[in-house]
Amino acid sequence: NPRQLQEQEDFPAFHSMEMVATSQELSALLQSHSGAAFMAFMTPREDAVRMFDQVPASWGRSGEVHALVADAMCGEYFTFQVGLWAALADVDRVSLSFNELRSTASGPVVPASAFRCFNLAGTDQHGVPFRKNFVAKGAVGSLWVGVELPADASAAGTYQTNLTLTASGVSVALDLTLNVGLAPTKALCSTNCTLVEVEPAGSGFVGSFDQAAHGDITSLTGCK
């Protein structure tokens, strides 16, 4: 039997976004494309772009992805990526524009100004302003986007918006749907008398805390 190599931790482990699309997958992807110089892929933060000179196999298999549905929590600064593959030519004048994030019920409206794209323009670690709005032919670009969600519990619910990716004068409409739930609750765990932060409905620990500093919290709800 061949020897299996397994990582002991998640950080050095091989990620699915590091699997390169085959020539057959790239050919099928190009054949399904409308003909613009680039393709767009809405990408969850868990599957962030890791290769910038190769197309990931998941994109080759899925085709373009113009919609993202994700889970978030009240008060969270939610992030996601818009991936861009310059499939047919260099692309420049890359930009993103945003609209209001609206509840499908009666929740608050998150203004378009709450959205921010981090890596199109800004100031680098040396204090020098930068602007990156060009992707060379064949290369992959990634645009990180963030939005702060309302913290009030009444904000829980489903939210929808659309954004527009523009490059080389061509625009593509993208859709975002967020299922926003309540933030994790803190509870006193009976195991080793350790105060921990747990997800609602007992789905597991997400952090540890000093019991003496949180002596007012005595509930066991959600702890497992």
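**Reading the model**

Modeller: In the protein chain, 71% of the contacts between residues at least 6 apart in sequence join residues at least 24 apart, a contact being heavy atoms within 4.5 Å. This is a predicted model, in which local features need pLDDT of at least 70 and side-chain atom pairs count only at pLDDT 80 or more, while totals for chains, interfaces and linings use all residues. Residues are numbered from 1 along each chain as its sequence is written, and side-chain values use heavy atoms, with hydrogens and water left out.

Biologist: How many helices and strands are there in the protein chain?

Modeller: Helices (H or I, at least four residues) and strands (E, at least two) are DSSP runs, numbered from the N terminus. The protein chain has 2 helices and 14 strands.

Biologist: In what order do the 4 strands of the open sheet stand?

Modeller: Two strands pair if DSSP finds at least two bridges between them. Here the order is 1-3-9-6, with antiparallel pairing. Strands 1 and 6 each have a single partner strand and stand at the edges, so one side of each lacks a neighbour in the sheet. On average, neighbouring strands are turned by 25 degrees against each other, direction ignored; the axes are lines fitted to C-alpha atoms, and angles run from 0 to 180 degrees between N-to-C directions.

Biologist: Which residues stand opposite one another in these pairings?

Modeller: Strand 1 is joined to strand 3 by 6 bridges, and alanine 40 has leucine 84 of strand 3 as its bridge partner. Strand 3 (residues 77-85) pairs with strand 9 over 9 bridges, where tyrosine 77 faces glutamate 148. Strand 6 (residues 115-117) pairs with strand 9 over 3 bridges, and phenylalanine 115 is opposite valine 147.

Biologist: Is strand 9 largely enclosed or largely open?

Modeller: Buried means under 20% relative accessible area, exposed over 50%, and partly exposed in between (1.4 Å probe, protein chains only). In strand 9 (residues 140-148), 7 of the 9 residues are buried, so the rest of the structure largely encloses this strand. Of the 224 residues of the protein chain, 36% count as buried.

Biologist: How many aromatic pairs does the structure hold, and how is such a pair read?

Modeller: Rings of Phe, Tyr and Trp (its six-membered ring) pair if their centres lie within 6.5 Å; planes under 30 degrees apart count as stacked, over 60 as edge-to-face and the rest as tilted. The structure holds 4 such pairs. In one of them, the ring centres of phenylalanine 41 and tryptophan 59 are 4.0 Å apart and the planes meet at 5 degrees, so the pair is stacked. Phenylalanine 41 belongs to strand 1 (residues 39-44) and tryptophan 59 to helix 2 (residues 57-62), 18 residues apart. Phenylalanine 41 is buried at 0% relative accessibility, and tryptophan 59 is buried at 4%.

Biologist: Which residues does threonine 43 contact, leaving aside its neighbours within four places in sequence?

Modeller: Threonine 43 lies in strand 1 and is buried, with 2% relative accessibility. The residues in contact with threonine 43 are Ala48, Trp59, Leu68, Phe80, Gln81 and Gly83. A polar atom of the threonine 43 side chain also lies 3.0 Å from the backbone oxygen of phenylalanine 41.

Definitions and conventions:
Polar contact = N/O pair within 3.5 Å; in protein donor to acceptor, adjacent residues only side chain to side chain.
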